[in-house]
There are 2 protein chains.
Amino acid sequence: MLPEEIKKFIEEFEKLPSIGPRQATRLAFRLIGGGQAKLAEMANAVSGLKKVKICPRCFFVHSQKTDVCSICAESTRANDVFMVIEKETDLMSIERTKKYRGKYLVLGELTKSGVLEPWQKLRLNALKKIITDEMSDKMAKEIIIALNPTTYGDLNASLIEKELKNYSHKMSRLGRGIPTGGEIEFADEETLSHSLTRRE
Amino acid sequence: MLPEEIKKFIEEFEKLPSIGPRQATRLAFRLIGGGQAKLAEMANAVSGLKKVKICPRCFFVHSQKTDVCSICAESTRANDVFMVIEKETDLMSIERTKKYRGKYLVLGELTKSGVLEPWQKLRLNALKKIITDEMSDKMAKEIIIALNPTTYGDLNASLIEKELKNYSHKMSRLGRGIPTGGEIEFADEETLSHSLTRRE
């Protein structure tokens, strides 16, 4: 009953994260309702993403003329400190703090299985190669594993730590505690314990 | 810090229903992660929607060679019974019941203000014109206002009923009551009252 073009659209978009078949259907109708010119703009916005490059060192997106992204190319950032993060949006949050002046490795979204995908292993290997090729003692100064402090984030962090510990003098994770603006009364036990043992 | 192409994508997609800036950002990264070929497919899926036509009688989408959609063209459907619905997806739900054999008017998503948009008034006028031009006594047999039975759906239904009552012998709305599979214990008072007064 629906035109083929709408079915095709739904088929493509329902697979995307947090868009199911229902939202994809609604999206199609909304886009059609927006008119021809808007539709052309949206299609261009999607195909424009083809021009985005992925840095072969940290795997973050960029649009530099060089192969390497501007963060990796920045000479004022520490070359021997690396932060392993899961998602590009995590990197953006960290950058917004303006407190971190080292390099990154974007690992990509981790599965719940606690096993790294083959392409994620390749990314870890890329980091190992950077360290062994470029560090004078073949060791980084510090590697910060910045995964979400959830049960399965912690599991993955331990696995990655094991993989990398021979490549760095120091391994660390993000500090845990009561978030700024949070209340002691409502903090969970785990968080409160951390804030006690890691008191500043 | 993000490439222009990603910013452009976010700008276009964050305005869509139930996609905010955060989801649009995540979507961009997911699409880029999918690779060049996938991106081209997605862009095609969007621009393919340009080929979808909108029926000038009922305003549902279609891809017929004719101007008019297949529902409006179907000769075995009653020509003098019309159902006013809000969204295309509502029409699809009604069609799936296979119980309705009349025509439709897709009004488009109603605002919470209880005021019809200018283009929605044009759609109501299109229906009035069909009735006065094509019905022998310039009256439809029945017009069913099939809006969601919510507070503001009911408000809009009353307004539309007022607009159309001089164009139809009978005005009706969808029956209310306990949904099949529902439990009396958990039905709200309003629903239960309806199921009593409209008992079958």
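This is a predicted model: local features need pLDDT of at least 70, side-chain atom pairs count only at pLDDT 80 or more; totals for chains, interfaces and linings use all residues.
Two strands are taken to pair if DSSP finds at least two bridges between them. Within strand 5 of chain B, B:Ala146 is the bridge partner of B:Ile85. Strand 3 (residues 81-85) of chain B is also joined to strand 4 of chain B, by 4 bridges, and these two strands run parallel. Along this second pairing, B:Phe82 stands opposite B:Lys103, while B:Met83 has B:Tyr104 as its bridge partner in strand 4 of chain B.

Strand 3, helix 5 and strand 4 of chain B together make a β-α-β unit that is right-handed. Because 4 of the 5 residues of strand 3 of chain B are buried, that strand is largely enclosed by the rest of the structure. In a regular strand, side chains alternate between the two faces of the sheet. In strand 4 (residues 103-106) of chain B, B:Lys103 and B:Leu105 point one way and B:Tyr104 and B:Val106 the other way, and all of these residues, the charged B:Lys103 included, are buried.

The arrangement of the two chains was then considered. Chain B is superposed on chain A by a rotation of 180 degrees with 0.1 Å of shift along the axis, at an RMSD of 0.1 Å, which is the relation of a two-fold axis. The C-alpha of chain B nearest this axis belongs to B:Ala43, at 2.4 Å from it. Across the interface, 43 residues of chain B are in contact with 43 residues of chain A. The side of chain B that touches chain A draws at least two residues from each of helix 1 (4-13), helix 2 (21-33), helix 3 (36-48), strand 2 (61-62) and helix 5 (88-97) of chain B. Helix 3 of chain B gives the most to this side, with 10 residues, and the residues of the side divide into 22 nonpolar, 10 polar and 11 charged. Since 98% of the interface residues of chain B are also interface residues in chain A, the copies meet through the same surface.

The buried residues of helix 2 of chain A are A:Thr25, A:Leu27, A:Ala28, A:Phe29, A:Leu31 and A:Ile32. These residues pack against helix 1 (4-13) and helix 3 (36-48) of chain A, together with helix 3, strand 2 and helix 5 of chain B. Just after helix 2 of chain A, A:Gly35 takes a positive phi of about 100 degrees.

A further buried position lies in a loop of chain A. A:Leu147 is placed in the loop between strand 5 (140-146) and helix 7 (151-164) of chain A. With 22 other C-beta atoms within 10 Å, A:Leu147 is counted as buried because the cut-off for that class is 20 or more. Leaving aside its neighbours within four places in sequence, A:Leu147 is in contact with A:Glu86, A:Gly153, A:Asn156 and A:Ala157. A:Leu147 and A:Leu174, although 27 residues apart in sequence, are 8.1 Å apart in space, C-alpha to C-alpha.

Conventions:
Residues are numbered from 1 along each chain as its sequence is written. Chains are lettered from A and ligands numbered from 1 in the order in which they are written. Copies are superposed by least squares on the C-alpha atoms of residues with pLDDT of at least 70 in both. Two residues are in contact if their C-beta atoms, placed from the backbone, lie within 7 Å. A residue is buried if 20 or more other C-beta atoms lie within 10 Å of its own, exposed if 12 or fewer, and partly exposed in between; C-beta atoms are placed from the backbone. A crossover is right-handed if, with the strands pointing away from the viewer, the path from the first strand over the helix to the second runs clockwise.
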